[in-house]
Each structure stands twice: as C-alpha cells, then as structure tokens.
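Subject: Structure for you to look at

Hello,

Here is the structure I promised. Please open it first, then read my notes below.

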Amino acid sequence: MRTDLCEVLGVDHPIVGFSPSEHVVAAISRAGGLGVLGCVRFNDAAELDTVLTWLDENTGGRPYGVDVVMPSHEPTEGAAADLDQLIPPGHRDFVERTLLRLGVPPLPAASSRPGVLGWLHSVARSHVEVALNHPVRLIANALGPPPADVIAQAHDRGLLVAALAGRADHARSHVAGGVDIVVAQGYEAGGHTGEIGGMVLVPEVVDAVDVPVLAAGGIGSGRQIAAALALGARGVWMGSVWLGTSEYHSSPGLREALLRATSSDTVRSRIYSGKPARLLRNRWTAAWSAEGAPAALPMPLQNLLVSEAHDRLMASDDPTVVPMPVGQIVGRMNEVRPVAEVLADLVTEADETLTRIHKLL
C-alpha cells in the first residue's frame, strides 16, 4: 500500500501517526509511517529540544514531524500570570467544588506545575523555532495554517507544512496561505474537531484543493484506510488509536477507561481547551454539562483554568474521571499492543481490502 505521498514524506506507508508521546512517535516512524509529536505539553522550549534530540537518535534515521497549537491571536500578550487574572473566581470555585464532590485528592506540593502554556501563540512559536533546528520533515498546526512567516521559514528549510481543516472552505484558505498538506478531520476525531463527518468531509476537501489530503477522524482499521483512499485521500492521519499501544505510558486509570469505553462513550465539549474537542464521557464531563455549571472560557484561559485539575484527575487513577481527548474509534481499542504490530495489521488489512475491492471490478 503506497501512494505518491509516501515519496513526498519519505515513508513506506501513507500513515501519519500523531501522539504526545515521543516513544510512540519513534515507533511509528521506525515501522514505516510518519510519527508526529504533539508539542502542546511543552512549556519549556529546552525540554522540547531535549525530546526532539531523543527522537533524532531513536527513529532509526526515519523521518518524523511535529504538531503545534498556534492560535491566530491571544486574549492578551501578557505572561501566564497576567492571563490567570482573566479567569473569573466563580470558575475557579466551580472546579474546586467539582473535584471535592468527585473525591479527587489534591496533588502533593512537589507535584504542582504551571498550567499548560502550549496553547499560547508565543509558546507555539517557540516550539516551531526549536523544531527548525532538528531534521523534522513536517510541521503541522492543529488550529489551521501557521502565520505566513512560519510557513516561509519551514519552506526555506525544505519542510512541509500541514494544517487541520474541518470544512472545505477552511482547506481552501489553508492552501491559499501556503499549506502543503491538508488534514481533513471529521467529526469522529478526538481532540479539536469540527461538525462534519469524515465520509462527507474528505471528498469535499479533496475536490476543493490541489494538494495532498490526509483523512482523519475515527480511523483505526485497515478497512477505514482503504475507504479513505477510495474517497480521494492520499493517506491517513491517526491519533487516538496509538493511546492503546504499549509504548504509550498511561496511568492505570486511563488505560482502564480507554479499554472499556465504547464508541458512544465520548462527548464533544469546550471544557478541555475552550474550543470544541472530543473527550471521554465521564463524571468530569457530566459535571460541566449539569445545571448551574459555568460556560467554558475561551482558549487559552479554559486550559489554564483546568490544568491543575487535569493533573489531579489523572493522578487519582479513577477511570470514571480521567480528562482525556479521544475519538470515537476508542470502541475498537480493546487490548494493549506494540505500535509496530498495530501498524503492520493496519497495512495488511488495507492491502486485503483494496485487493477484495479490485476483484469486484
């Protein structure tokens, strides 16, 4: 199973795998796909530089990419301490009362850390600056096209630039701004996602732009990869499926929650970052949709508000409260397997499906 995108990216299979884990990313690249590291968790550019250096040394010389979250603007240009002042006290009170009601203990003092700042434009820009000093093949932006100067810098270094799109008009705008690859992400996806299902969205985007399109959202089998290619995509972008791999180091509570969830156990909400994102449906998400709950704050304030709460929820190891973005494909994640095994099965099933379809002609 090869498309022309394989030559462009320098990979064996048209499978792009997104993960916040460098171990998963390295394993995807070594197995013949393109691993893409999610950078939003890095507050410190030096820490990201260390992780990318590790990837340089552990991908077996195979290409990899990075994914940043670079919004077009911020509510203020101030520091994180200034942003904290914009969070209403009532929202903070609601979070604390909810954690208390859910029985979530506080973190030890030594475990406290600042909120995730990777949602800020300035921090995401520092992520790009670090990435440009490493042999990355692709820079993707989860919030549309990066600024023109970032795209120009990437192109000057011979890097490809990708951007996620949830509508055909967004895709056209991305390409007009210089994006090389569009990721058409359907409603089924985990994390930030739009309102159009992949079966409708992918051919719309393919018809709207003249650059390679990756299909994303709810893809976790070889049959779905074959379907994406039939819809005109040159490859697939997969994220949630790697959460169930052995290389993804998760807490026991998160692992249990993922393994027992069905495809209907997710909800699309703004409570994670301030923008619509698909998460595991549980007691934490239910609290935010209950009567009297406050509305989510805009990005990046919402994530700053709930960042410590997320740490506490994850540390509790309670599978009924873990605040995890995941797509509807979670219903197929029923066992823990190595990345290489998952990817090999994806390719085999896709090949078998394409062969079976060819015989129908």
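First, a term. Two rings of Phe, Tyr or Trp count as a pair if their centres lie within 6.5 Å, and planes over 60 degrees apart make the pair edge-to-face. Keep in mind that this is a predicted model.

How many aromatic pairs are there in the whole structure? A search finds three. One of them joins F94 and W288, with 4.8 Å between centres and 70° between planes, so it is edge-to-face. F94 belongs to helix α5 and W288 to helix α12, so this pair ties together parts that are 194 residues apart in sequence. Next come W284 and W288. Their ring centres are 6.0 Å apart and their planes meet at 75°, so this pair is edge-to-face too. Both lie in α12, four residues apart, about one turn of the helix. F94 and W288 are buried. W284 is buried as well.

The charged end of R278 sits over the ring of Y187, 4.5 Å from its centre.

Now the cores. The largest nonpolar core has 71 residues, and I15, L52, I225, M238, W242 and L280 have the most contacts inside it. Helix α14 gives the largest share, six residues. A second, separate core has 23 residues, including L279 and V306.

Is A230 buried or exposed? A230 is exposed, with a relative accessible area of 67%. A230 lies in helix α10. Its C-alpha is 9.1 Å from that of L354, though 124 residues separate A230 and L354 in sequence.

Best wishes

Key:
Residues numbered from 1 in each chain as written. Predicted model: local features only at pLDDT ≥ 70, side-chain atom pairs only at ≥ 80, totals over all residues. Heavy atoms only, no water. Core = buried A, V, L, I, M, F, W, Y, C linked by side-chain atoms within 4.5 Å. Buried < 20%, exposed > 50% of the residue type's maximum accessible area, 1.4 Å probe, protein only. Helix = DSSP H or I, 4+ residues; strand = E, 2+ residues; numbered from the N terminus. Phe/Tyr/Trp six-rings, centres within 6.5 Å; stacked < 30°, edge-to-face > 60°. Lys NZ or Arg CZ within 6 Å of the ring centre and 35° of its normal.
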